[in-house]
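I opened my notebook to look up a few features of one protein model. My entries follow the order in which I looked.

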Amino acid sequence: MHRGHLPAEMIVGERRMESVVVDFRQDEAGDWIMRLACGHERHVRHDPPWTVREWVLTPEGRAAWIGRSMPCPACVAGAD
Ligand SMILES: [Zn+2]
């Protein structure tokens, strides 16, 4: 119900510094990690604008981010 409308064309996209949020997971410490369409992941809490927010703690909050464009630091750095 929460992720049934993920538009495939946004996942494919062009390779840029912008990626798309496709999923979330938690690491061993319980911190939330965004999984991006480019294959990279980023902790929600590691960037100053992204300090832990209540939205990430709820399924509804996380679902609201799936499919959104996100700058990917790893892509910016040229990692592949
Ligand atoms: Zn990336």
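Entry 1: I started with Trp 65. Trp 65 has 17% relative accessibility, so Trp 65 counts as buried. I noted the cut-offs: buried means under 20% relative accessible area, exposed over 50%, and partly exposed in between, with a 1.4 Å probe and protein chains only.

**Entry 2: ground rules.** The model is predicted, so I kept the limits in mind: local features need pLDDT of at least 70, side-chain atom pairs count only at pLDDT 80 or more, and totals for chains, interfaces and linings use all residues. Residues are numbered from 1 along each chain as its sequence is written, and side-chain values use heavy atoms, with hydrogens and water left out.

**Entry 3: aromatic rings.** Which residues form one aromatic cluster? I found Phe 24, Trp 55 and Trp 65. Rings of Phe, Tyr and Trp (its six-membered ring) pair if their centres lie within 6.5 Å; planes under 30 degrees apart count as stacked, over 60 as edge-to-face and the rest as tilted. I counted two aromatic pairs by this rule. In Phe 24 and Trp 55 the ring centres are 6.0 Å apart and the planes stand at 70°, so I wrote down edge-to-face. Phe 24 is in strand 1 and Trp 55 in the loop between strand 3 and helix 2 (59–63), so this pair ties together parts 31 residues apart in sequence. Trp 55 and Trp 65 are stacked, at 5.1 Å centre to centre with 25° between the planes. Trp 65 sits in the loop between helix 2 and strand 4, and Trp 55 in the loop between strand 3 and helix 2, so the pair ties together parts ten residues apart in sequence. Phe 24 counts as buried at 9% relative accessibility. Trp 55 counts as buried at 18%.

**Entry 4: the sheet.** I looked up the terms. Helices (H or I, at least four residues) and strands (E, at least two) are DSSP runs, numbered from the N terminus. Two strands pair if DSSP finds at least two bridges between them. What is the order of the four strands in the open sheet? I read 3-2-1-4, with antiparallel pairing. Strand 3 (41–43) and strand 4 (69–71) are the edge strands, and each pairs on one side only.

Strand 1 (residues 18–26) and strand 2 (residues 32–36) run antiparallel, joined by five bridges. Val 21 stands opposite Leu 36 in strand 2, and Asp 23 has Arg 35 as its bridge partner there. The two strands form a hairpin with five residues between them, and Gly 30 in the turn has a positive phi of about 90°. Three bridges join strand 1 to strand 4, also antiparallel. Ser 19 has Met 70 in strand 4 as its bridge partner.

**Entry 5: the core.** A nonpolar core is a set of buried Ala, Val, Leu, Ile, Met, Phe, Trp, Tyr and Cys residues joined through side-chain atoms within 4.5 Å. The largest one has 13 residues, and Val 21, Phe 24, Met 34, Val 44 and Trp 55 touch the most other members. Strand 1 and strand 2 are the elements that give two or more residues to this core. Strand 2 gives the largest share, three residues.

**Entry 6: zinc.** Which residues are the protein donors of the zinc ion? I listed Cys 38 (SG), His 40 (ND1), Cys 72 (SG) and Cys 75 (SG), at 1.8 to 2.4 Å from the ion. Donors are N, O and S atoms within 2.8 Å of the metal (3.2 Å for Na, K and Ca); water is not among the atoms, so sites may look incomplete. The donor spacing in sequence is C-x1-H-x31-C-x2-C. Cys 72 is buried, with a relative accessible area of 2%.
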